[in-house]
Amino acid sequence: MLDLIVRNATLPDGRRGIDVGVQAGRIAAIEPQLQASASQIIDAQGLLLTPPFVDPHFHMDATLSVGLPRRNRSGTLLEGIALWGELKPSLTQDAIVERALAYCDWAVAQGLLAIRSHVDICDPRLLAVDALLEVRKKVAPYLDLQLVAFPQDGVYRSPGALDLLKEALRRGVDVVGGIPHFERTMEGGRASVRTLCEIAAEQGLLVDMHCDETDDPLSRHVETLAAETVRLGLQGRVVGSHLTSMHSMDNYYVSKLIPLMAEADLGVIANPFANMVLMGRHDTYPKRRGMTRVPELMAAGLTVALGQDSTMDPWYGLGSGDMLDVAHMAVHVAQMTGLDAMAACFAGVTENAARLMHLEGYGLAPGNRADMVLLDASDPVDAIRRRSTRLEVIRGGKVIASAPKQRSSLALPGRPAEVSFSWPPSSK
Ligand code: FE2
């Protein structure tokens, strides 16, 4: 007797008519026509059952603070950083916790059950660190929150930031962050990468740096990040986030850089929404897109994931925690409209992101955690196209969020009574 069986599901790899059996919070079996009974049965009706969405790059300390103390008038990255600096002195731990918990409610309803959030440590009070450590504990039963010690104002440029970063790690922050392009000089940035990677190596921690988030073709901290990863034996444990300068780099240089990144087994996270609105701001026309070279990096065998970065904060005023929105934007920005390319973007907000976060027991396989999402979609491409409704969100074998199928009623002579936006039209 199992706890739960989801019957007749389609899986992201294309297998159809699959039953998933759950026992004690773990997946017990995945096979067609599973011969077992269970206390709860969910009929998937042939729809897509996927592992949960994973956001590998977010800023939960700033989320839902849009308009505080004022709006970002220029919409630029630098005004966003300045605005966040204006907001910081008036932040309270309770307000950060309240907004973060509200965002996590949205995330769960969107089937987003794991988030890596950077947390700004350039505040002598470490208010945001304590707030997000509290949130991490509160949401642990339903959402994996991983925290990155992020020196927003530069670990060398901001007085005391290096000590604050070490203190944040002592308090329990999981991952070492950085922002080399925000240091005063290229040499300062290089030194920061070296120091931060050494801290991670000494303490056995993962690394995830905001790296080269500029349009400067000569901003080359990713090269240092890859070289330090190799030097310190951190292969597979280091991520470069954004890497937008790669968009503008000389192609010959990139032909040398990508193999170095592959040698370091460097993870890559692109953030298409932030990149599209914050990059290319100094351009008149033509305007650069400013997202890193996603298809080329994937073709070289690197793990590339896609992040939300911001939702309703000083840098980006829109968003709702929907990782299908992120995949949808990536498909367009990177011109990844081939079938395999779109499926790769789906992987960018699911399994690739989980791999970069080193999530334990992720994925639809026996023995893994029984975390999954039933979507009103026939396959991953259909899910991206329709930003499909999350019908059932399951954590440890229990349904923690659900939503009805979205249907529009029609009152047209001789036409169907409703539309579902599926094609061919769904009979269900
Ligand atoms: Fe970021």
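**Domain interface**

I looked up the contacts between the two domains: 20 residues of domain 1 touch 24 residues of domain 2, contact meaning heavy atoms within 4.5 Å. The model is a predicted one, in which local features need pLDDT of at least 70 and side-chain atom pairs count only at pLDDT 80 or more, while totals for chains, interfaces and linings use all residues. Residue numbers run from 1 along each chain as its sequence is written, and side-chain values use heavy atoms, with hydrogens and water left out.

I noted the bounds next. Domain 1 consists of 2–51 + 363–419, and domain 2 of 53–356; these bounds come from an automatic or database domain assignment. I find the C-alpha centres of the two domains 31 Å apart.

For the buried area between domain 1 and domain 2 I have about 1,600 Å², with carbon and sulfur atoms giving 68% of it. Buried area here is the accessible area (1.4 Å probe) that two parts lose on being put together, summed over both. On the domain 1 side, I384, R390 and R395 lose the most area to domain 2, together 40% of what that side buries.

**Charged and polar pairs**

I counted 4 salt bridges across the interface of domain 1 and domain 2, the rule being a side-chain nitrogen of Lys or Arg within 4 Å of a carboxyl oxygen of Asp or Glu. I also looked up D144 and R395, whose side chains form a salt bridge at 3.3 Å, N to O.

Which elements give two or more residues to the side of domain 1 that touches domain 2? I listed β5 (48–50), β14 (372–375), α14 (380–386), β15 (390–395) and β16 (398–402). Helices (H or I, at least four residues) and strands (E, at least two) are DSSP runs, numbered from the N terminus. The most comes from α14, with 5 residues. By class, I have 13 nonpolar, 2 polar and 5 charged residues on this side. Ala, Val, Leu, Ile, Met, Phe, Trp, Tyr, Cys and Pro count as nonpolar, Asp, Glu, Lys and Arg as charged, and the others, Gly among them, as polar.

**Sheets**

I traced an open sheet of 8 strands in the order β6-β7-β8-β9-β10-β11-β12-β13, with parallel pairing. Two strands pair if DSSP finds at least two bridges between them. β6 (53–58) and β13 (304–306) are the edge strands, each pairing on one side only. Within parallel pairs, I checked β8 (residues 144–150) and β9 (residues 175–176), joined by 2 bridges; V148 has V175 as its bridge partner in β9.

I then turned to β1 (residues 2–9). It runs parallel to β4 (residues 38–43), with 5 bridges, and R7 is partnered by D43 in β4. β1 runs antiparallel to β2 (residues 18–23), with 4 bridges, and L4 is partnered by V22 in β2.

**Backbone exceptions**

Most residues other than glycine have a negative phi, and most peptide bonds are trans. I noted N8, in strand β1, with a positive phi near 60°.

I found a cis peptide bond between L68 and P69, omega about -15°; P69 lies in the loop between β6 and α1 (77–87). A cis bond also joins Y285 and P286, omega about -5°, with P286 in the loop between α9 (272–278) and α10 (294–299).
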